[in-house]
Amino acid sequence: MTSRDLLIIVAVGQSVTLAALLGAIGVNRWIRQRRRARVLPRRVVLDQAMNGWALGEIGPELVARALEDLPTADAVEALVGWAGRLRGERWQALAQALDQRPWTARLRAAVRARAWWRRLQAARFLSVAATPADAGLVARLLGDAQPAVHIAAGAALERIATPHLVRIVIGRMPEMAAPVQAHYASVLRTTHGVVVPLLVERLGQVYDPGLPRIVEFAGRFGDAGLREAVRALAGHSNQEVRVQVARALGDFPHTASIAALRTLTTDSAWEVRAQAVRALGRIADSVTLPDLVARLGDSVWWVRLRAALALTRLGAGGRDALLTAEIGSQPDARFVARLILGLTPQALTEFAA
Amino acid sequence: MSEVVRAVDASVIVYFVVLNSFYALLLVMALPEIWAQTRLAEDENLLRLQESGAPPPISILVPAYNEEATIEASITAILTLDYRHYEVIVVNDGSKDGTMDRLHEAFDLYEVPRIHPETLASRPIRALFRSRTRPRLVVIDKENGGKADSLNAAINASRWPLVIAVDADTLIEPDAMLRLTRPFVMGLKVAAVGGTVRVANGSVIRDGRVLEPRVPPRFLPGVQVVEYLRSFLYGRLGWNRLGGNLIISGAFGLFRKEFLLEIGGYRTDSIVEDFDVVVRLHRHLRDRRTPYVITFVPDPVAWTEVPESLAVLRRQRERWHRGLILTMWKYHGMLFRPRYGRIGSLGMPFFTFGEMLAPLVEVLGYVVTAAGLWLGVLDVPIAVLFFLVALSYGMILSIWGIVLEEVGFRRYRRWGDLGRLLLFAALENFGYRQLTVWYRLRAFWSAMRDRSGWGRMTRTGFAPAGGGTAS
């Protein structure tokens, strides 16, 4: 074969590829238009059925049938969209009506699919239509390695939070990013009766390397039943645990929390002291005034700043303390007090956030 | 002489076969990536999580130098993004026009004391302002020190753990930040994330928002639409699968602040500070053996104005390539070093021997082919056929970018826009490509003379386009 032959073969191959790409663009547009034209009327029928069902005019069976007429991806998308608007027992009735349909059986089977996007579709479906019988499937999805899958499955906990499922979530908590933790804190809030005892049990495992994240989650969860378990960790040897305890106690305004936080304002680690004075600012109890004033002279700038900001939340007493510090003998306290007193209320609100 | 010409010609051919094979690999890698990314982008559970208060707070850093024409619209658009916790830090980098006055008028600024620690060095700050009408806004007025210097000053003043560098002439889509935080929300150990930058020229724009994306009818901006699609939709997506991106666009990139502080922020002596900072992040995190990803997410979109004149295009491309040369030279120690993983074994070699040297080799190919034809050692039909095959390959790569756009995002809905995209993809290889090769070649000369400086980018401002239909 000569080089000319080779080049001709390459050129022919390129021409075919070019034609295929152009054809793919045209066909893709055509298919999408056709699909839209086919799905749109069915979506309108579904929305009408959903509206009728929401008003109590028709039963969930008709909604289930309208869902069946849609392609699976569109049906799941519609369900997820409507789930945000309709909740409670009526939604459970729809979930029951969908339980024995062939397309939902296929979706449930996809929980074991190799492709993560198929598992994601299953998770999205179960996030809004799981029944107690699906607990095993949800448990499997909660342990999924693909974050999008377990995040989607996590929403199912609003409907079926069994101790086993909650235990799986708490077990994964140390590896979760803060936003995902916040998501779970929000979906589990309605089932605190199940969550609190399990969290208290986990908070008692003082040698657990994941403890800082568990304390962080406890703070986010904010249930009063967790306060004592969190407070008990204020003297923990791990600095990161104490930082999280100081931060979390700001969400539990109570004399016991205040006592622990006052101790933490003198912690050896400045990160703990900064979080402790910040938490005291959030609780805003005038009994902590001397502790906050003392921190105006802290060796670390961030602690002084946080203490000054916390004092602004203590009303006239805090302001007087700052004014005194502004003309006091400690240069560091004088500087930070002048700085904070010079801020406008708006800027102060933003900095204190 | 003929033997030399033949040998050089063969070397050039081998070079381009290897380089184009790598482009083909990137292209293949982009396919599963765009499939995965579009599925994640459509995941409503993830979107709901992102829309909740859960995503981390962000500081948006906006360096501005002589941006009087666009500053108000850009900042207003940034201040109305769909994101719960964020602040906007605009840095007036000693502008000589009325940028600062415009900011004062538009946002009713008042001076506040500086309470942030100045961890990174920057040129002296004249004053710090907040807005009476827009609580999220902070404005730093400082002496001129360049974009990197402005970003360092903004990082010092920022409060949140994530910072996003945005050009003042960039229009960010309302949901772009939500989408950009997806890797963080998914719990990945992210050091930086880049979004897609698209060409705003010709689109219908109102109040700092792109209402209807259009492909500009003029050749120069139009052909850059194709270039941007190619670069972002298969180049960077492909790199996601091949070990991480080396480029996060300076016009739209999100960084973890703690890592930026660890590497000392942006380098003021680099003319491509966005590229430089990403290379240093890779080096630093690999040296420290910190697990991380530097990734690209295609669905968050920012729109930017591209050069409409050859003079501005020349300055821009020369600067980009000069920056590439200087950066590759500065960090050549990372080349083929096993400790830098795929960045050292794939990314750096590709950018050094592929991207950086490509214009030299391409021009060498043109010269040698011409010499070969003149000396009669090359067959004319074969030379012409080879030239056409090479151009056709470039066309396929560009059209592949358009295919990915059509399959994944479909921003350009009109058939007319699609037709223009295809036309520009075809025409790009006749003249425009050679022109940019020339500009990049000039960059070698200026890099050797180490001429720094940004060159001027004349902004026309985002006037309502498309015949003013939306104004």
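These questions and answers go through a few named features of chain B in a predicted model.

In this predicted model, local features need pLDDT of at least 70, side-chain atom pairs count only at pLDDT 80 or more, and totals for chains, interfaces and linings use all residues. Residues are numbered from 1 along each chain as its sequence is written, and side-chain values use heavy atoms, without hydrogens and water.

Student: Why is B:F387 called partly exposed?
Tutor: Buried means under 20% relative accessible area, exposed over 50%, partly exposed in between (1.4 Å probe, protein chains only). B:F387 has 37% relative accessibility, so it counts as partly exposed.

Student: Where does B:F387 lie?
Tutor: In helix 14 of chain B. Helices (H or I, at least four residues) and strands (E, at least two) are DSSP runs, numbered from the N terminus.

Student: What makes strand 4 of chain B largely enclosed?
Tutor: Strand 4 spans residues 125-131 of chain B. Six of its seven residues are buried, so the rest of the structure largely encloses it.

Student: How do you know that strand 4 of chain B pairs with strand 5 of chain B?
Tutor: Two strands pair if DSSP finds at least two bridges between them. Strand 4 and strand 5 (residues 137-142) of chain B have five bridges, in the antiparallel sense. Five residues separate the two strands in a hairpin.

Student: How many bridges link strand 3 of chain B to strand 4 of chain B?
Tutor: Four, again antiparallel. Strand 3 covers residues 109-112 of chain B. B:Y110 stands opposite B:R130 in strand 4 of chain B.

Conventions: Chains lettered and ligands numbered in written order.
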